[in-house]
Amino acid sequence: MSQPWATSGVDLHLDLDPGTGRRTGLEHALRDAIRTGRLAPGARLPATRRLAVELGLARNTVAAAYDQLVAEGYLTARRGAGTRVATLPQLAADGPATGHDTTAPRLDLRPGCPDVTTFPTTAWLRATRRALLAAPASAHSYGDPRGLPVLRHALAEYLGRTRGVHADPDTIVVTCGYVHGLALLAGVLDGPVAMEDPGLPFHRDVVRRAGRTVVPLPVDDDGAHSFPDHVAAAVVTPAHQYPTGVPLHPARRHALVDWARDTGAVVVEDDYDGEFRYDRQPLGAVQGTAPDHVVYAGSASKTLGPGVRLGWLVLPPRLVEPVVEARRHTDLITAAPTQLTLADLITSHAYDRHIRACRLRYRRRRDQLVDTLHGHTALGVSAGLHAVIPHPDETAVLAAAAAEGLALGGLRDHWHDPEGRPGGLVVGYGTPPEHTWRTALDALARVLSA
Ligand SMILES: Cc1ncc(COP(=O)(O)O)c(C=O)c1O
């Protein structure tokens, strides 16, 4: 017996198995809804009388099922607060399987995430309100796979102004984050893909899953070099190499563009944290010097938060149609309300103001980190949200940190072949909320000085 629970204030569908007794069936259905997260921790259940009427059961049957689940720890019942779903610790630990670990340690200095408590909720709400009121109804229909024109125009202006990108709204494709753009590109490229060594292992996996062979692109103190023949693309992080933190030397920028011109390969410029440079004006994007040979790829994951799932590709004209075709056959478009909101944030300059405030915060954190290193050094320039600290015994220091409740990134995973390669820490100083930052830094200092 499949029963909608439509009028109780929570939208839930309960599957009551006709083969079991009425009370047992209701208990099963509730346990299942709690385990699968359809009933979230803290959710209030309807009063027994109301649920009994809706399900056609005796009130006593519903009350007995609730009592049973309270006794089992699935529900809590407090006079005046009603019956609610309890927080089950083992469920909280079972995050979805993604490229990122979704469980937060007590002190989190892992790289890859900004301080998400800085998410500009008030500005976002204002922008959403303004944008939705102004948007034509057609914005909520199936649209151009490249994204809404209003956002592509806003991005073209913003990227040209702040990152020196040569951006034509017609060649921009709005994506659900950088990794989505990378997967789309990997699917349309014809041949192996060179990726920086060291680089993010997750991104190598994404390219491989799209059917491409990944070849290592070596990195030294001046960034990527030795661009290979016979590849379809090279994926690079010129503003701030991930993870080493070095910028691509001007001579290498020229060499990269010349290589792309000579071989016909495309450069994919991952500008994941290009807004965050602290010691000087940010370097403009390589794409600005060779828009026919470079894909510029950006993301809101560092500026707003990875949960926003917004990114953008600025494509050489020849790649627009293949990428649009790939998009048309996967997820069609990025959610229109999100696109409209970002467009308003950018055009109202609330996005710039937010980034300026974040830049101050991360710059201060980086300075404090560098002051805490006890003879160790942070590689790379003063930029971004993470720093690499070389260390001869990465495994031991990660274990010592874990014993302090402190999670850090390790460098070794980032090598294409970690055998014999140097280890170190990848410290995401952008990650923790302000109230745990000092404690996390103190714990890191203890681990490093041990
Ligand atoms: C090297 C690098 N590129 C890009 C990104 C942004 O990825 P996405 O937009 O898919 O969240 C990240 C985020 O951690 C990153 O570390």
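Two residues are in contact here if their C-beta atoms, placed from the backbone, lie within 7 Å. With that in hand, welcome to this predicted model, in which local features need pLDDT of at least 70, side-chain atom pairs count only at pLDDT 80 or more, and totals for chains, interfaces and linings use all residues. Residues are numbered from 1 along each chain as its sequence is written.

**Overall picture**

The C-alpha trace spans about 80 × 60 × 40 Å along its principal axes. There are 14 helices and 16 strands; helices (H or I, at least four residues) and strands (E, at least two) are DSSP runs, numbered from the N terminus. The bounds of the domains below come from an automatic or database domain assignment.

| Domain | Residues |
|---|---|
| Domain 1 | 2-93 |
| Domain 2 | 107-119 + 352-449 |
| Domain 3 | 121-350 |

Between the C-alpha centres of domain 1 and domain 3 there are 46 Å.

**Confidence**

pLDDT is the predictor's confidence in each residue, from 0 to 100. Its mean for the protein is 92, and 93% of the residues reach 70 or more. Residues 90-99 have pLDDT below 50, and this stretch makes 7 contacts in the model beyond near neighbours in sequence. Where pLDDT is low, the predicted coordinates should not be read in detail.

**The cores**

A residue is buried if 20 or more other C-beta atoms lie within 10 Å of its own, exposed if 12 or fewer, and partly exposed in between, with C-beta atoms placed from the backbone. Of the 450 residues in the protein, 42% are buried. A nonpolar core is a set of buried Ala, Val, Leu, Ile, Met, Phe, Trp, Tyr and Cys residues joined through C-beta atoms within 7 Å. The largest such core has 68 residues, and those touching the most other members include Leu 155 and Val 193. Helix α6 (residues 149-163) contributes the most to this core, with 7 residues. Neighbours within four places in sequence aside, Leu 155 is in contact with Ala 167, Ile 172, Trp 312 and Ile 346. A second, separate core has 29 residues, among them Leu 398 and Trp 437.

**A glycine in a loop**

Gly 143 sits in the loop between α5 (121-134) and α6. Why is Gly 143 partly exposed? Gly 143 is partly exposed because 16 other C-beta atoms lie within 10 Å. Setting aside neighbours within four places in sequence, Gly 143 is in contact with Leu 148, Ile 333 and Ala 336.
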